[in-house]
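Open the structure in your viewer and have the selection tool ready. The tour goes one stop at a time.

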There are 2 protein chains.
Amino acid sequence: MATIVMKFGGTSVADIDRIRHAARHVKREVELGNKVSVVVSAMSGKTNELVGWAREAATLHDAREYDAVVASGEQVTAGLMAIVLQDLGVPARSFAGWQVPIETNDAHGAARITNIEPDLLNERMDDGVVCVVTGFQGISPQNRITTLGRGGSDTSAVAVAAAVNADRCDIYTDVDGVYTTDPRIVPKAQRLDRVSFEEMLEMASLGAKVLQTRSVELAMAQKVRLVVRSSFDDPDTVPALNDDGSWNGPGTLVCDEDEIMEKQIVSGVTCARSEAKITLRGVKDNPGVAADVFGPLADAQIVVDMIVQNISDDGKSTDITFTVPDSEYEKSMNVLTEAGKSTLEYDSISGSKGSAKISVVGVGMRSHAGVAASMFKALSDKGINIQLITTSEIKTSVLIDEEYAELAVRALHTYYGLDVEEA
Amino acid sequence: MATIVMKFGGTSVADIDRIRHAARHVKREVELGNKVSVVVSAMSGKTNELVGWAREAATLHDAREYDAVVASGEQVTAGLMAIVLQDLGVPARSFAGWQVPIETNDAHGAARITNIEPDLLNERMDDGVVCVVTGFQGISPQNRITTLGRGGSDTSAVAVAAAVNADRCDIYTDVDGVYTTDPRIVPKAQRLDRVSFEEMLEMASLGAKVLQTRSVELAMAQKVRLVVRSSFDDPDTVPALNDDGSWNGPGTLVCDEDEIMEKQIVSGVTCARSEAKITLRGVKDNPGVAADVFGPLADAQIVVDMIVQNISDDGKSTDITFTVPDSEYEKSMNVLTEAGKSTLEYDSISGSKGSAKISVVGVGMRSHAGVAASMFKALSDKGINIQLITTSEIKTSVLIDEEYAELAVRALHTYYGLDVEEA
């Protein structure tokens, strides 16, 4: 017997039929003798409708009222899920965030969970009742409804799992797991049986949109084991962790590195498109210069991705290159041109849109030298020019011309032996 | 300066444009120096959508979950109304029922308000903030969301008005007041400037669907003066009670009888269609027989309207006639036929559908003899046969053939001098 939190996203609860299908997954876990809490998103499209109304009501709106409006979507799903579960003979009740309570700070629209009181949930689960909790929301110290920001339901699920000390948090979504790369680019992409938190984190932030980065961070910090699987699966298919620790269920287990016996050198290849690169040449090389460059960009709400700074030739000036989304290119150029007129000193600024960032990710890299070198070799063999390189402990990323993105992903996927075996 | 509660129904908040129009009514009252709380319904159609989902989820659903689902509609409107008010420069915040709190019993789906804590609302109104409260809902002693039943937002508004000791509760709806009769039947129907609680109560329960009966009862008990007016009015038109107590605003003031100087003998003529009459002949005339008749009907959830029992000829048996909605006719006949086989003794049962109940209502009746007699005369003059008669202190009702309904209403409306003067 285990304690399990099951999370269903918007497409998995898009209408009553989908909710009923999801409820059958819940029923299976209950019948296996597990204690279950469920976290639900709003029905697909509903949050957008609510957001649309709030925007129509006023361009600049009180974030507290916005939260009260948009949080209602999950309240509807939670009640409907409880009704459907009861109809399937599974005792259930819904909990709005404020009823649990899920306590957050008062950063409305992007609140952070500060505490979840587990007692009520644990009591009801002990009574054999499935607790259906609204995702995406909580309550502020001022007793107002808060929301966690888009995609926050994953985070809610992980936080609930941590609070009730769950053995597993199952994230049901519209894909059947985490893949070595995007199957639309590489048909031979393989579903990973297991992936470590660190790898998942790199993949999530690199454009594999299966899980919210924030929820993976929380899962890693709280040691909550996640299973990513499809809600479209047959509800009678059981995800299972064997006694020897091996995973043979559907979906992908996201877990601590220690649980992964044979670590892949490279677990996946990711691709982020539409990156623009900007280079500042002849930036005065003294302490604080990086802050002078990136401070104004942060103030303008521009998210900078890769940053490369080389050692200067003369010890007096240096070149800095970084990437931003294509859509922020013009704005970034303007911000830095303006800054160049006051505090920031540089010789020239240049840049272009239309690059792609290709990354290889794997915890095995730590103990295997030469991954980066072999990556450059594989790309070179295909005649792909590398514009920028950055590395972390378990990831190597390169910036290339966007036109070569698919070619690069396929080449690296094959090179690292990730292609699925031919039948 | 006064304290005012303003209630807007579903059609008055059907979309953002309508909400903005309603908000201009609120802004007017604030600019007049009044303290204002607003009670809102769900956007028109939204509650039906939510109810539809709950029914689709399960035919028999947990009333607590049903309430959690359907109560979300008002939460959306309250937030949007607060946003729009702020956009118009009016400080405002929304309150869900549980935030006020509006305490109710735990009769989910048809809860009764037990207490409203006025402190939070009063504090905020003292600060110049408009409190936008979700109608139709509250919170049970078990901390679950409850709903008051359809149309409950009127009741919420009156209860909030009573709690904050408001000078007036303005009910904004899609008609511009209470009329002497249905203007679709009698084009010469007049809007009443004032009507007493008692009269309004009789009219509401007799088919004038402007206000929920329950809200009028509460208003009468708590002495909350109501104004019924149209939300489609020009928001700059001020409803006003003069210093001498006369009312010269738009809409209809529903108030204590004492506030009405010259009492009309008859204030209105109402009509309820599609009534079926059922007669039991030779019912044993002993104590408890009425309970034997109406108990089984109540158990079958059939609402009985008029009841007439004559003194028996022989002191041993009597005839009982009553009315039910046409739609309940067959069910009622079956219930009583079944009851006749066991506890209930009668000689014969008969009945028919297709009657209409016509009533004249007026507090002046109390002090004026002969209203009933003159009513029968007026109907007789038009050759209309009376099937049943019932009376109360301020109302006389007759049952007639439904074909004559419009004729009867027009005749009585003219007879009692209610027709609007020709221009």
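**Before you start.** This is a predicted model, where local features need pLDDT of at least 70, side-chain atom pairs count only at pLDDT 80 or more, and totals for chains, interfaces and linings use all residues. Residues are numbered from 1 along each chain as its sequence is written, chains are lettered from A and ligands numbered from 1 in the order in which they are written, and side-chain values use heavy atoms, with hydrogens and water left out.

**Stop 1: the sheet.** Select chain B. Six strands make an open, antiparallel sheet there, in the order S14-S15-S13-S16-S18-S17. Strands (E, at least two residues) and helices (H or I, at least four) are DSSP runs, numbered from the N terminus. Two strands pair if DSSP finds at least two bridges between them. Which strands stand at the edges? They are S14 (307–309) and S17 (388–392) of chain B; each has a single partner strand, so one side of each lacks a neighbour in the sheet. On average, neighbouring strands are turned by 30° against each other, direction ignored.

Stop 2: Select 388–392 and then 395–401 of chain B. Five bridges pair S17(B) with S18(B), in the antiparallel sense. Two residues link the strands in a hairpin. Look across the pair: B:Leu388 faces B:Leu399, and B:Ile389 stands opposite B:Val398.

**Stop 3: the helices on the sheet.** Select H11 of chain B, residues 371–381. H11(B) packs on the sheet and touches S16, S17 and S18 of chain B (contact means heavy atoms within 4.5 Å). The direction of H11(B) makes about 25° with that of S18(B). Axes are lines fitted to C-alpha atoms, for helices over the stretch in contact, and angles run from 0 to 180 degrees between N-to-C directions.

**Stop 4: where the chains meet.** Show chains A and B together. Each gives 37 residues to the contact. About 3,200 Å² is buried between them, 60% of it on carbon and sulfur atoms. Buried area is the accessible area (1.4 Å probe) that two parts lose on being put together, summed over both. How many salt bridges are there between chain B and chain A? The count is two. One joins A:Lys46 to B:Glu49, with the closest N and O atoms 3.5 Å apart. A salt bridge is a side-chain nitrogen of Lys or Arg within 4 Å of a carboxyl oxygen of Asp or Glu.

**Last stop.** Select H4 (72–87) of chain B. H4(B) supplies ten residues, the largest share of the side of chain B that touches chain A.
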